[in-house]
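Visitor: Hi, could you walk me through this protein? I'd like to ask about a few spots as we go.

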Amino acid sequence: MEQKAVASATVRPQETITLNNSMKIPVVGLGTYKSDKKQVQHAISDAIDAGYRHFDCAWLYGNEDEVGQALHSKIAGGLVQREDLFITSKLWNNFHEKSKVIPMLEESLGSLGLHYVDLYLINWPFGFKENAPLCPTNHPEKSYSNVDYLETWEGMENCVKQGLAKSIGVSNFNPQQITRLLDHCKIKPVVNQVEVTPNLNQKDLIKFCKEHEIVVTGYAPLGRSAHHGTSGGPTPTMLDPKVIQIGEKYKKSAAQVVLNYLVSLGISVVPRSVHKSHICENINIFDFTLAPADVAYLDSLNKNQRVVTMSEFSSHPHYSF
Ligand SMILES: NC(=O)c1ccc[n+]([C@@H]2O[C@H](COP(=O)([O-])OP(=O)(O)OC[C@H]3O[C@@H](n4cnc5c(N)ncnc54)[C@H](OP(=O)(O)O)[C@@H]3O)[C@@H](O)[C@H]2O)c1
């Protein structure tokens with residue numbers, strides 16, 4: 001028998017997940033990777049109006065100045081207070097030495113115009129030499145640093161001790177790397193940010209992280225759809241005709257179906273958009289429940305295919321996939 005689509009009137013854009021340090025991470029955040037400097041300011045402003053309070057940033061993205069300006073104009077306008085916001089930034093791979101962690105966070109804080117971030121992440125477990133290119137794809141081995149992420153983590157812990165980060169976490173870490181980190185750390189990571197899409201639903205990693213009180217944040221949740229065809233990655237689920245059809249039943253877009261499915265896995269997500277209609281769509285995902293048959297279809301799409309492989313660095317001793 002056909003399962004009924006369930007819709008309710010409640011919209012809960014401020015839905016949160018509690019972290020192991022009692023802080024709350026809003027389930028939907030706005031991604032900012034590759035968001036053009038001019039467009040990102042409007043995107044942040046539109047996102048705050050739409051109810052977003054969580055922003056996913058990084059030193060590497062090169063637009064933290066513009067993100068900061070947009071946040072401050074909303075704060076100055078009285079629309080939000082700093083305490084309402086959950087701001088994440090990330091340490092890039094060339095700066096894994098313990099002594100570099102605080103200066104790099106300070107640089108991000110300077111750009112963002114903030115005294116602290118809510119979450120600071122080690123972007124990848126593997127490091128590059130400080131003077132190497134930021135993404136050293138030519139003869140990558142020459143650029144590898146031998147700094148252990150355990151050393152980097154000590155620098156991350158110092159960020160918390162100095163009040164520059166309310167919480168710290170990792171990104172793109174596998175279970176073995178997390179276990180090793182948990183065996184040595186003084187402050188537990190609160191988050192592991194990894195790619196999660198229906199093509200790569202990460203159920204095992206999510207379960208593992210949950211058992212260790214670590215929340216998973218799913219990046220590239222829409223399969224980086226606008227770049228499909230240029231990146232060589234798997235077909236984004238939001239382009240699947242059956243998913244578009246599922247969306248029609250609930251009067252939702254395929255992107256909303258995908259995001260609703262992903263948050264039902266117990267994770268937070270950080271879809272990126274610089275267009276107001278998409279920004280609004282991507283947070284308006286809490287007022288419907290997918291029927292079991294629809295969930296089963298989305299489950300069936302798991303093929304362990306990544307958009308972000310960083311396979312150029314697969315010979316690095318700390319490569320995670
Ligand atoms: N930790 C890490 O290593 C890591 C790696 C990758 C990404 N990230 C984070 O995750 C965020 C998201 O990942 P991503 O930016 O790679 O990819 P994504 O969020 O999966 O896809 C973004 C693309 O989807 C389009 N889009 C967004 N909403 C849409 C909608 N409702 N309908 C149709 N198209 C829509 C956007 O175009 P429009 O602008 O036109 O809407 C954009 O081009 C990043 O921005 C970054 O913050 C982290």
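Visitor: Okay, which residue is the bridge partner of Thr88 in S7?

Guide: Keeping in mind that this is a predicted model, the partner of Thr88 in S7 is Leu119. That bridge belongs to the pairing of strand S6, residues 86–91, with strand S7, residues 119–122, which run in the parallel sense and are joined over four bridges.

Visitor: And what lies across S6 and S7?

Guide: Helix H3, made of residues 98–112, lies across both strands, and its direction is at about 135° to S6.

Visitor: How many strands are in the open sheet, and in what order?

Guide: The open sheet has eight strands, paired in parallel, in the order S4-S5-S6-S7-S8-S9-S10-S11. Its edges are strand S4 (29–31) and strand S11 (268–269), each of which pairs on one side only.

Visitor: Let's pick S10, then. Is it buried or exposed?

Guide: Five of the five residues of strand S10, residues 215–219, are buried, so the strand is largely enclosed by the rest of the structure. Val215, Thr217 and Tyr219 are buried on one side, while Val216 and Gly218 are buried on the other, and in this way both faces are covered.

Visitor: Which residue in S10 is the bridge partner of Glu195?

Guide: Glu195 has Tyr219 as its partner there, and the pairing of strand S9 (residues 191–195) with S10 is parallel, over five bridges.

Visitor: New topic: where is the "active site" residue that UniProt lists?

Guide: The UniProt record, an unreviewed entry, lists Tyr61 under "active site", and this residue is found in the loop between strand S5 (54–56) and helix H2 (64–76).

Visitor: Why does Tyr61 count as buried?

Guide: Its relative accessible area is 19%, and buried means under 20%, so Tyr61 falls within that cut-off. Leaving aside neighbours within four places in sequence, Tyr61 is in contact with Thr32, Tyr33, Asp56 and Lys90.

Visitor: What about the largest nonpolar core, which residues touch the most other members?

Guide: Among its 101 residues, those are Ile44, Phe55 and Tyr120, while helix H8, residues 254–263, gives the most to this core, with eight residues. Beyond its neighbours within four places in sequence, Phe55 has contacts that include Leu30, Ile44, Leu71 and Thr88.

Visitor: Last one: which residues of H10 are buried?

Guide: In helix H10, residues 292–300, the buried ones are Asp294, Tyr297 and Leu298. They cover an arc of only 95° around the axis, which puts them on the same side of H10, and what covers them includes helix H7 (241–250) and H8.

How values were computed
Residues are numbered from 1 along each chain as its sequence is written. This is a predicted model: local features need pLDDT of at least 70, side-chain atom pairs count only at pLDDT 80 or more; totals for chains, interfaces and linings use all residues. Side-chain values use heavy atoms; hydrogens and water are left out. UniProt positions are given in the numbering used here, feature names are shortened, and annotations may be inferred rather than shown by experiment. Helices (H or I, at least four residues) and strands (E, at least two) are DSSP runs, numbered from the N terminus. Buried means under 20% relative accessible area, exposed over 50%, partly exposed in between (1.4 Å probe, protein chains only). Contact means heavy atoms within 4.5 Å. Two strands pair if DSSP finds at least two bridges between them. Axes are lines fitted to C-alpha atoms, for helices over the stretch in contact, and angles run from 0 to 180 degrees between N-to-C directions. A nonpolar core is a set of buried Ala, Val, Leu, Ile, Met, Phe, Trp, Tyr and Cys residues joined through side-chain atoms within 4.5 Å. The arc is that of the directions from the helix axis to the C-beta atoms.
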